[in-house]
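Dear colleague,

I am handing over the structure that we talked about, and below it you will find my notes on what came out of it. Please read them with the model open beside you.

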Amino acid sequence: MASIRSKIWASIIKRAIKKTGEIKDITNTRRDFSGNNKTFLANYWKKKKQINYLNFDIHGLPVLKLENKEIQSNKTLLYLHGGAYVACGPETHGALITELSLQSKSHVLFPIYRLAPENPFPAAIEDAFSSYQYLLEEGINPKDIFIAGDSAGGGLTMALLQKIKEKNLPNPSCAVVISPWTDLTLSGKSMIERKDRDPMLSTGPGLDILVKAYCGEEDPKNPLISCIFADLEGMPPIQIQVASEEVIYDDSIRLQDRLKKYEDNEVEFIEWDGLFHVFQAFCSGWLAIPEAKKSIKEIANYSNKYIT
C-alpha cells in the first residue's frame, strides 16, 4: 500500500499539472519547474557537507560532478536525467543524485545534455556517449562505473549501452533504469489502461508533441529511440524499477521481456505498488516519500553487487 506522503505528493502534482495545462505545440514543451525562480527547487540540495559540487565542461558539454568526500574509491555513477528529452536538469534532479551519491557511496557525473526541440535526436545520445568516454579517458575502470537514468533518461541509458556495444567499448559494471521511456511509438497497453492513474504523466496530444520534438524526422521505432525494438544482446546487468500506476508501465515490462530474450542478460525487476512516475525524485526534506528512500537504497545495493 502506498504511503500517505506519496498520496500527498500525487495530489499536489495532479493539481499543479492541471493548472499548467496541456502542451499545445512544439514551442511549448519546456515546463520543467527548473530555475532559481522556483524557490522550492533552488539549490537547497547543495547543502550536503559530504559532497563537493563542481561544474565544468567536457568539450563544450556542461556537466555537474558530485565528489563524495567520504569515499576513497573511484566508484562513479553516470546519471542521465529524465524530462522527455526536452526539459529538466540539476535543479529538478539535484536532490536525487545527491541521495544516490550518499547511499551508493559513489561520485556522480551528471551531463547537462542538449535538449529538444532545439537539439533533437541524436544530440542527447552523443552527449551521453561523450560523458562515458570522458570517464574512461580519466582512467576510471569501467568496472567502477554504473549508469542510471529516469524516464527519458532511462531510455537514454539504454541507447548509450547500445552505442557502447557498437563502438566496442567495455561495458559498465551495471545499469539501473527508473520508469524508463522505452517506446516512443506509444503503443503499450498501459497507455490506455492506466491513462487516468498516473498524476505525473498523461496521454493525449501533448505526449505526441513531445515525441515529435525529440524524434524530428526520425522514425520513433529507431532502436536508439525506442529500445524495445533493439538488439539488446550483451548488455551489462540491468535493474528496472517501475511504479504500478504509470501510464508507461508497459515500457518497463516490454524492456524486461526484450532483455530476457537473450539468455546471457541479467535483469532485476522491481515494481512499486501504488506509486507514480519517477516518485524517486521526492526523496529529500521533511515531506520525502518513504518509498523513494527505499528505492534509492535498492539502487545502491544493486551497484554494490557489481562494484566492490
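At 41% relative accessibility, E126 counts as partly exposed, where partly exposed covers the range between buried, under 20% relative accessible area, and exposed, over 50%, computed with a 1.4 Å probe on protein chains only. Before going further, please note that this is a predicted model, in which local features need pLDDT of at least 70 and side-chain atom pairs count only at pLDDT 80 or more, while totals for chains, interfaces and linings use all residues. Residues are numbered from 1 along each chain as its sequence is written, and side-chain values use heavy atoms, with hydrogens and water left out.

The side chain of E126 meets that of R114 in a salt bridge, with 3.0 Å from N to O; the term stands for a side-chain nitrogen of Lys or Arg within 4 Å of a carboxyl oxygen of Asp or Glu. E126 lies in helix α3 (residues 123-137) and R114 in the loop between β4 and α3, so the pair ties together parts that are 12 residues apart in sequence. Helices and strands here are DSSP runs numbered from the N terminus, helices being H or I with at least four residues and strands being E with at least two. R114 is partly exposed as well, with a relative accessible area of 34%, and a network of salt bridges links R114, E126 and D127.

In one, K65 pairs with E67, and their closest N and O atoms are 3.9 Å apart; K65 is partly exposed at 24% relative accessibility, and E67 is partly exposed at 28%. In the other, D231 pairs with K165, the closest N and O atoms being 3.5 Å apart. This second pair links distant parts of the chain, since D231 sits in the loop between α6 (205-215) and β7 (238-243) and K165 in helix α4 (residues 152-166), 66 residues apart. D231 is partly exposed, with a relative accessible area of 43%, and K165 is partly exposed at 33%.

What does K165 touch, once its neighbours within four places in sequence are left aside? K165 is in contact with D231, E233 and M235, contact meaning heavy atoms within 4.5 Å. The C-alpha atoms of K165 and L232 are separated by 9.4 Å, although these residues are 67 residues apart along the chain.

A contrasting case is D250, which lies in helix α7 (residues 249-260). Apart from its neighbours within four places in sequence, D250 is in contact with G188, K189 and S190.

Turning to the strands, β3 (residues 76-80) is mostly covered, with 5 of its 5 residues buried. T76, L78 and L80 point one way from β3, whereas L77 and Y79 point the other way, and all are buried. Strand β3 runs parallel to strand β4 (residues 107-111), to which 3 bridges join it, and T76 stands opposite H107 in β4; two strands are taken to pair if DSSP finds at least two bridges between them. β3 also pairs in the parallel sense with strand β5 (residues 145-150), over 5 bridges, and here L78 stands opposite I147 in β5. Together, β3, helix α2 (residues 90-104) and β4 make a right-handed β-α-β unit, right-handed meaning that, with the strands pointing away from the viewer, the path from the first strand over the helix to the second runs clockwise.

Finally, the cysteines. The structure holds 0 disulfides, a disulfide being a pair of cysteine sulfur atoms within 2.5 Å. C215 is in no disulfide, and the nearest cysteine sulfur, that of C227, is 13 Å away; C215 is buried, with a relative accessible area of 5%. C283 is likewise in no disulfide, the nearest cysteine sulfur being that of C88, 14 Å away, and C283 is buried, with a relative accessible area of 1%.

With best wishes
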